[in-house]
Amino acid sequence: MSKKIAILLLAFMLTACSNASTSDSQAETQAVSETTTTTVTTTDDSEQPTTTTTQITVTSAKEKETDTTTSKVTSGSTTGTSECTAAAVTKAAATTTRSTTIKTVQTSKTTAKATAKSAQTKTDLSKLTPYWRALYKMTDGTATRADYEIVRNEMLAYGKKLYPKVPINTKMHPLITKDGRYTDSFTEAQGGTNSNAEYYTVVPFGNVGIKSNYASEDARWAEIRTFDTNFKAVIRNTLKDNERFGDVPTIWYISYGFENYGNGTGYYTWVCMTAFPEDWK
């Protein structure tokens, strides 16, 4: 009789716990399931152990602190233990996740600041050759006429090395103003015409009286190197095309003309041109 009472009492407790779990699960969205196995061992009058196993499934979708409830029933030599656990995200896990997120954001901000600081680092002009220093100064509006002459002489030397048999003639200009004067400036030549020189591409480069803003020194140097690459390509193409005249003598030169924005500000345009010597004596 005592064995039957113990079993009934234990079954009652298991049913109550199961009902509580079922009630909680109905109030929540089913998402996480955990199964708890309860084992009950009883001993009858013949001392032969009898084992009964009951499984209780609890479902929960809320993310909250772990809530564990343990119920124990003891009667004579019969003991039953049942655990009902709500699966959830513990406070410790949530705190760890938040801490990691904040740390990642702070690291990103630090990296961004370091990158911005690096981008604003100025070039040490004293370490540059005169040619590259002159080109750099043309991007910040501080270049002088001497700087432009340095760049022109560098470009003339480049072309002379490629085509040493074609003479340089410093008298050449690409344009004529409307009142008949030679000029290198397309601003001055408005209403005028071309001279007896042949040119193909006009390359603008060199700010005058203007402080250009760049996102970084890398962006500034990208523009400088682009001009160096592009205008050298113009020189190569112009002189190579000059070979179509065969053995007929030709001359060439490089000019740069100031294009006026007003109030002394503007930029320069670069021209590589060829012509026949008799037109430029």
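Asn263 is exposed, at 83% relative accessibility (buried means under 20% relative accessible area, exposed over 50%, partly exposed in between, with a 1.4 Å probe and protein chains only). This is a predicted model, in which local features need pLDDT of at least 70 and side-chain atom pairs count only at pLDDT 80 or more, while totals for chains, interfaces and linings use all residues. Residues are numbered from 1 along each chain as its sequence is written, and side-chain values use heavy atoms, with hydrogens and water left out. Helices (H or I, at least four residues) and strands (E, at least two) are DSSP runs, numbered from the N terminus.

- Strand β10 spans residues 265-275, and nine of its eleven residues are buried, so the strand is largely enclosed by the rest of the structure.
- Strand β9 (residues 251-262) runs antiparallel to β10 and is joined to it by eleven bridges; two strands pair if DSSP finds at least two bridges between them.
- Within this pairing, Tyr256 has Trp270 in β10 as its bridge partner.
- β9 and β10 form a hairpin with two residues between them.
- Asn263 lies in the loop between β9 and β10, and its phi is positive, about 55°, although Asn263 is not a glycine.
- Strand β8 (residues 198-208) is also antiparallel to β10, with seven bridges joining them.
- Val202 stands opposite Val271 in β10.

**The sheet β6-β5-β7**

- Three strands in the order β6-β5-β7 make an open sheet with antiparallel pairing.
- β6 (182-183) and β7 (193-194) are at the edges with a single partner strand each, so one side of each has no neighbour in the sheet.
- Strand β5 (residues 175-176) pairs with β6 in the antiparallel sense over two bridges.
- Leu175 stands opposite Thr183 in β6.

**The second largest pocket**

- The second largest pocket holds about 160 Å³ of space.
- On a 1 Å grid over the protein atoms alone, a pocket is an open set of points where a 1.4 Å probe fits, with protein on both sides within 12 Å along at least five of seven lines; lining residues have an atom within 4 Å of a point.
- Grid points are joined across faces, edges and corners, and the volume is the space filled by probe spheres set on the points.
- The lining of this pocket includes Arg145, Arg152, Thr183, Asp184, Glu188, Tyr256, Phe258 and Tyr268.
- α4 (145-162) and β9 each supply at least two of the lining residues, and β9 gives the most, with four.
- The lining divides into three nonpolar, five polar and four charged residues (Ala, Val, Leu, Ile, Met, Phe, Trp, Tyr, Cys and Pro count as nonpolar, Asp, Glu, Lys and Arg as charged, and the others, Gly among them, as polar).

**Aromatic pairs and a charge over a ring**

- The structure holds 17 aromatic pairs (rings of Phe, Tyr and Trp, the last by its six-membered ring, pair if their centres lie within 6.5 Å; planes under 30 degrees apart count as stacked, over 60 as edge-to-face and the rest as tilted).
- Tyr136 and Trp221 form a tilted pair, 5.8 Å centre to centre and with 45° between the planes.
- This pair links distant parts of the chain, with Tyr136 in helix α3 (residues 130-139) and Trp221 in helix α5 (residues 217-241), 85 residues apart.
- Tyr136 and Trp221 are both buried.
- Phe227 and Trp270 form another tilted pair, at 5.7 Å centre to centre and 55° between the planes.
- Phe227 is in helix α5 and Trp270 in strand β10, so the pair ties together parts that are 43 residues apart in sequence.
- Phe227 is buried, with a relative accessible area of 3%, and Trp270 is buried at 0% relative accessibility.
- Ring pairs join Phe227 and Trp270 into a cluster with Tyr148, Phe205, Phe231, Tyr256, Phe258 and Tyr268.
- Lys232 lies over the face of Tyr158, at 5.3 Å from the ring centre (a charge sits over a ring if NZ of Lys or CZ of Arg is within 6 Å of the ring centre and within 35 degrees of the ring normal).

**Loop residues**

- Ile210, in the loop between β8 and α5, is partly exposed at 26% relative accessibility.
- The C-alpha atoms of Ile210 and Met138 are separated by 9.3 Å, and the two residues are 72 residues apart along the chain.
- Asn196, in the loop between β7 and β8, is exposed at 52% relative accessibility.
- Between the C-alpha atoms of Asn196 and His173, 23 residues apart along the chain, the separation is 8.5 Å.
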